Amino acid sequence: MNNKIKEYRNAMKLTQDDLARAVDVTRQTIISLESGRYDASLKLAYRIAKYFKAAIEDVFLFEEE
């Protein structure tokens, strides 16, 4: 699943660590999400989207395989 986490994070001038602390995960989780090595759970996707004040589908781009 692709995502726009890095774009949202940069627009808010946040570091990966800032975002990780805000959504209660490790910095490594944010790195893995941004690089596409890890897909967020629904619960984490919701927390991230809510933090950015955006809809989940605006932050996370689901593509059927």
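Predicted model: local features only at pLDDT ≥ 70, side-chain atom pairs only at ≥ 80, totals over all residues.
Residues are numbered from 1 along each chain as its sequence is written, and side-chain values use heavy atoms, with hydrogens and water left out.

Let's start with charges. Side chains of opposite charge can pair when their charged atoms come close. How many salt bridges does a search of the whole structure find? There are 3, a salt bridge being a side-chain nitrogen of Lys or Arg within 4 Å of a carboxyl oxygen of Asp or Glu.

One of them joins Glu-34 and Arg-9, at 2.6 Å from N to O. Glu-34 sits in helix H3 and Arg-9 in helix H1, so this pair ties together parts 25 residues apart in sequence. Helices here are DSSP runs of H or I, at least four residues, and strands are runs of E, at least two, numbered from the N terminus. Arg-9 is buried, at 7% relative accessible area; buried means under 20%, exposed over 50%, and partly exposed in between, with a 1.4 Å probe and protein chains only.

Now to helix H2, where Asp-17 and Arg-21 lie 4 residues apart, about one turn. Their closest N and O atoms are 2.7 Å apart. Arg-21 also meets Asp-18, at 3.6 Å. Shared partners join Asp-17, Asp-18 and Arg-21 into one network. Arg-21 is exposed, at 56%.

Finally, Asn-3 belongs to strand S1 and counts as buried, at 16% relative accessibility.
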